[in-house]
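This report describes strand pairing and backbone geometry in a predicted model. The structure is shown first, and the description follows.

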Amino acid sequence: METVIKQTGKTQAFKDKANKVMGISLEDAKITKSYLSVAFLAILLGGILGLLQGLNRAGMLELPAWLNYYQVLTAHGLLLVVVLSAFFTIGYFYAGLSHTLGGLLPKVRKMAWIGFWMKIFGFVLAVIPILMNEASVMYTFYPPMAASPIFYIGLVFIVLGVWMCAFGAFINVASWRKRNPGQHIPILSFFATGVFVLLFFGSIPVAIEVFTIIPWAFGWVETINVMVARTLFWAFGHTLVNIWYLTAVSAWYVIVPKIIGGRRWNDLLTRIVVIALVIMNITGGFHHQIIDPGISEPVKYMHVFMSLAIGFPSLMTAYAMFAVFERTARKKGGRGLIGWYKKLPWGDVRFLAPFIAMAAFIPAGAGGIVQSTNQLNQVVHNTMWIVGHFHLTLGMSVVMTFFGISYWLIPYVSKRMLTPQINKLGVIQTIIWTLGMIIMSGAMHWVGLLGSPRRTSYSTYFDNATALSWDPYLFFLAIGGTLLMIGVLMQVYAVFYLMFFAPKGNTEFPVADVEEDEAPTPRWTERWGLWIVCMIVLVGMAYVIPLVDFIVNAPPGSPPYKTW
Amino acid sequence: MMHRSEKIWLILSFGMIIGFMLITGYQTFALEMGPPSYGERIDPQKVDETAPFDNPGIKKVGEKEYEVVMTLQVFSFTPNEIEVPAGSTVHFTMTSKDVVHGFQVADTNLNAMVVPGYVQKITQKFDKPGEYLVLCNEYCGAGHQMMSTTITVK
């Protein structure tokens, strides 16, 4: 018995080594290549639809009846918020699991493929009614607006596909832990565990919501509880946002330090940030309901605290990142109070893109903190400000990090190399994207403060003077949107060039080491069961009171409406 | 594990969050500036037969004080076009007859979700004369971009 264990241990150690020397196995690479291909096709399509909206809002383009603004917006949201993010996150972390845990288990590989096709199938189901104008309900699909039941069935398959990948990751991590008793989960897999825990638990509320909507959309049940549905949606909706954010953060902590030739931030503090984000995330969703009726002011006040608390680990991250930059630059001979910045590799897209992404999170995070507080939220809720906010957070902080990752991850899985030409293209792309987002998101923030609403096709509200005064700002949406479209085309070109045409070679999966003199990380950071219990307790504190109130004191429900 | 500068940074971060909490709490509970949170229930399919929404309109309730009882439905506000003298305080009592709508008045802090099945309330003092644009800021269907009216302050 003992010898058997020893032997499997040896084979595993050999596999680990082979993985590091020879790069990713072809089977694992295929999974990541497929997921990333879908992600970047989604950004191409979603980007085109985004440009159409920008041109419409600027009053320059009237969309035809067979493809109206709200269809375009629903598809844009679904493609970028659900497809791009889910496929990139899974593709990236599965490569990370494969790299740091000595390859994926055959069973897990199978689960990744089942999950892949379930999500594709679900997405096709959801898109058909959108194209037929049977589901112009936005990706938030608030009842009592009711789309075709096919749309919701599609969503169920997407969620099930995501769960399949989450369980695959858990199985792989658990098996590694069994084979490596007493060891810490490698840091990138630690991040992956956090992300998949959130993906699973965060999507439970929306799964419950969709299961109550389906019989109602079919007409088997007459009415629906509108506030329960809305609350369950946001328990998921904001978690999803933070899942991409945590994915980007993993690259900031683990990958970027290696790319600049440094070492990563303190392992214990890094793991604490992950744990804090996992525990506190789901309750943040309530700040989307600050001006909703039926939730009392004290409960809303508690939710402000729960939302702002998420800001704390982000502020820890802000410090950590700049400390790593400074430390690395000084080791390379950088001098002066801020003169050390010259020693950072500004010409390397793998650093430049995530660096700008991090810098963008300073105003983006500050805006998030401000708009989560009750009274200030009332000023900007559902205005273009919010659209500006999430184009800054997702469009810059998250997506630019994803772009930066693509310049090494794709050559890594395709066993090719990043060429100087593509690096240069990437640097130019990064600059164009940055300008486009600053122009578009800046204008959105400003015109939102003036009162221009989100999710509204171009309107002068019957030549109202106030509405007309917004037009000059909305014009910048078209300029920014055009720049972003150019950026999308360059990025997608770079991705597929690196996947199929770049010169062959070995590309490293850049994982930074900790500082040599660092104290060992305490064992308690590995107690995932405890973190999940803490998370569930916190979710209970946040949601039990309002949900019970909405159910016990429910008004008569609402029948389905198709108002488009 | 932590440098002194990091400790200072984190204490400042924590202090900032607590600062936000104190100011938000003071404004909400002492100055009564909390977000619209009224929660009375109503049958969303019987709005027209339920008081006060069986008689939507503007009513004078005091010296320079008005109550507007308003229904929101695709794609209009009832009553349409409201007029009040400058310096008036207006209390809005609203509900939706169909889907979720948003009630927003540009150039003011009036902003509230109006959800079917719930009565929502919000108050605003209009000091400056002018024509205020009222619009729906929650997507509600094909004519959402047309859903607007005005409040005239004289």
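**Strand pairing in chain B**

Ile58(B) has Val68(B), a residue of β2(B), as its bridge partner. This contact belongs to the pairing of strand β1 (residues 57-62) of chain B with β2(B), an antiparallel arrangement that extends over five bridges. The two strands form a hairpin with two residues between them, and in this hairpin Lys64(B) adopts a positive phi near 55 degrees.

β2(B) also pairs with strand β5 (residues 88-96) of chain B; here the strands run parallel and are joined by eight bridges. On this side, Leu72(B) is bridged to Ser96(B) of β5(B).

A further partner of β2(B) is β3(B), with which it pairs in the antiparallel sense over three bridges. Gln73(B) and Ser76(B) are bridge partners, the latter residue lying in β3(B).

**Cis peptide bonds in chain B**

The loop between β2 (65-73) and β3 (76-78) of chain B contains Phe75(B). The peptide bond leading from Val74(B) into Phe75(B) is cis, with omega near -15 degrees. Another cis peptide bond runs from Thr78(B) to Pro79(B), where omega is near 10 degrees. Pro79(B) is placed in the loop between β3 and β4 (82-84) of chain B.

Where do the residues Lys415(A) and Asp107(B) lie? Lys415(A) is found in the loop between α13 (384-414) and α14 (420-450) of chain A, whereas Asp107(B) is found in the loop between β6 (101-105) and β7 (111-114) of chain B. Lys415(A) has a positive phi near 55 degrees and is not a glycine. Asp107(B), likewise not a glycine, has a positive phi of about 70 degrees.

The surroundings of these residues are summarised below.

| Residue | Phi | Other C-beta atoms within 10 Å |
|---|---|---|
| Lys415(A) | near 55 degrees | 16 atoms |
| Asp107(B) | about 70 degrees | 14 atoms |

A residue counts as buried at 20 or more such atoms and as exposed at 12 or fewer. Lys415(A) is therefore partly exposed, with 16 other C-beta atoms within 10 Å. Asp107(B) is partly exposed because 14 other C-beta atoms lie within 10 Å.

Technical notes:
Residues are numbered from 1 along each chain as its sequence is written. Chains are lettered from A and ligands numbered from 1 in the order in which they are written. This is a predicted model: local features need pLDDT of at least 70, side-chain atom pairs count only at pLDDT 80 or more; totals for chains, interfaces and linings use all residues. Helices (H or I, at least four residues) and strands (E, at least two) are DSSP runs, numbered from the N terminus. Two strands pair if DSSP finds at least two bridges between them.
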